[in-house]
Amino acid sequence: MENLHSLTAHELKELMASSPVEPSKILGDVLKRVDALDGKIRAFALVNRDGARKACASAKGGGRLSGIPVLMKDNICVAGEETTCASRILKGFKPPYDATVTRKLKEDGAVLIGKANMDEFAFGSSCETSCYGATRNPWDLDRIPGGSSGGSAAAVAADETIVALGSDTGGSIRQPAALCGVVGMKPTYGRVSRYGLIAFASSLDQIGPITKDVKDASLLLGVIAGHDEMDSTSVDLPVPDYTKSLTKDIKGVRVGVPKEYFVKGIDREVEDSVKKAIGVLKDLGAEVIDISLPHTGYAVSTYYIIGPAEASSNLARFDGVQYGLRDSTAKDIIGMYTRTRSEGFGDEAKRRILLGTYCLSAGYYDAYYLKALKVRTKIREDFDNAFKSCDCIVTPTSPTPAFRIGEKTDDPIAMYLSDVYTIPANLAGLPAMSIPCGFSSGGLPVGLQIMAKPFDEEMIFRVAYAFEQSTDFHKKRPRL
Amino acid sequence: MSTIDKDTVKHVAMLSRLALDDSEIAAYSRQLASILTYISKLNELDTKDTPPTSHALRTLKNVFRKDSTKPSLSVEEALKNAPAKEGGFFKVPQVIEGK
């Protein structure tokens, strides 16, 4: 059997059920692909060959993803495997425990093949702030794959893994999925345990699947979702069988289209692709409704107060005492903290720590942080009102296709604005997915974002699957 | 809202335990000023009567569990990643001034 790496998880499961294909054969084929391609794509922070081979040997057939190679973003703890958030400050850190999602995947029989490159501590939209260097977009190696889960998305697009996990704080799963032409889902805040996810902004972070198609996303989310007593913000609700939502029937589903997402700044070809996609949904029997989310224009500002504020607090733990880098030249402890942090953090991490610390400091707390929390309420209320008249909301995922490496590195605000369409779902805690919906004239993928009410991932799967099965965008692969 | 001058950047860097050289201070003060100007857009909104949202889970109240003993990391495992350790503790440079 050739080209096992190019199949989806559900295709491989079918194959394993009907013919003698061993998990080690799938792994071997995927690792061969990694060896052939990752020198130019650089999607991996770490390839764990031995661990993966051992997992194959013990993989039992019963699990939903047993025998399927999975790539983990480098901010998700895997016991004994270097986990660095692509930062110098965590070089050499081997967690003594598994994240809950890691444990669930292992128990299911999945084969963890290594760690995906990312923006340092997930701070970025381009995968350029990694201490390992930039990941390349498989569709055009001179362009960024998106971020921060750029390694996960690029690896899935290049068939260097079957599925991957990412994390999403302001769009870090959906934007790279859109830019790499794959499926990426941020579940509802509280749907998936964050235990063992190295925290960026605790009120916004969620782990989610990055896959080649919608069905694989439904399988992977089914394995990782659910309540966990190790994360007090994980919600105790039953996890539905998401594959049951893949019905292709969306007759009568009310699809909201917010006018505020189609304004200045959006690329013409992105707008065209998304409008055509909305036409497809209409042809499938959905009812398309014009809606308004009036505070959309304030979401980026709100996020760039709340995100850095929480990050500056979460990153206080990296001080050279318990793990990772330590500068040993300082004579006293404050000097040790300061030198370790100054050496260990990259430029964007420092910028966000400074911004967050400023917004939380005495005299500025009310003007910035508290103000942002109040505007967050207004953004959430926009969605509450919108969902009175629609079942889901569709928008572009990213205002532009993948930009060139280096294009936005000197302009933080331009970089931040690439998350303008994805941030609101994090602030409101909503589930949201990006699926492929077209290509630019230059051959770069375009993503369609689908958002739904909290804990209504089923609606997203239903709409996404109906669209996917009536189009061919998800079948296109980059020429590599 | 105010912009951010070099002395403020130095103060915030001290609070953040970051050492910045002069060129970094200049660059961050310029970049943070432009970010803060962008962010100040929020002042257009009247939020006098709007309650703050600190997290997205509306129904979540305090989460309690039984105070019972469970297995946890051994001292050895907890210290495994420590840059310096001694006698079952994390070892750090001098904290209290003395001789």
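Residues are numbered from 1 along each chain as its sequence is written, and chains are lettered from A in the order in which they are written. Because the model is predicted, local features need pLDDT of at least 70 and side-chain atom pairs count only at pLDDT 80 or more, while totals for chains, interfaces and linings use all residues.

Start with the place where the chains meet. The contact takes 54 residues from chain A and 44 residues from chain B; two residues are in contact if their C-beta atoms, placed from the backbone, lie within 7 Å. On chain B, select helices H1 (6-15), H2 (22-39) and H3 (75-79): each supplies at least two residues of the side that touches chain A. Helices are DSSP runs of H or I with at least four residues, numbered from the N terminus. H2(B) gives the most to that side, with seven residues.

Next, keep H1(B) and H2(B) selected. Their axes, lines fitted to C-alpha atoms over the stretch in contact, come within 9 Å and cross at roughly 105°. The two helices are therefore roughly perpendicular, a term for angles of 65 to 115 degrees between N-to-C directions, on a scale from 0 to 180. Show Lys6(B), Val9(B) and Lys10(B) in H1(B), which meet Ile25(B), Ala26(B), Tyr28(B), Ser29(B) and Leu32(B) in H2(B).

Finally, go to Leu7(A), in the segment before helix H1 (9-18) of chain A. Leu7(A) has 19 other C-beta atoms within 10 Å and is partly exposed, that is, between exposed (12 or fewer) and buried (20 or more), with C-beta atoms placed from the backbone.

Technical notes: Parallel < 35°, antiparallel > 145°, perpendicular 65-115°, else oblique.
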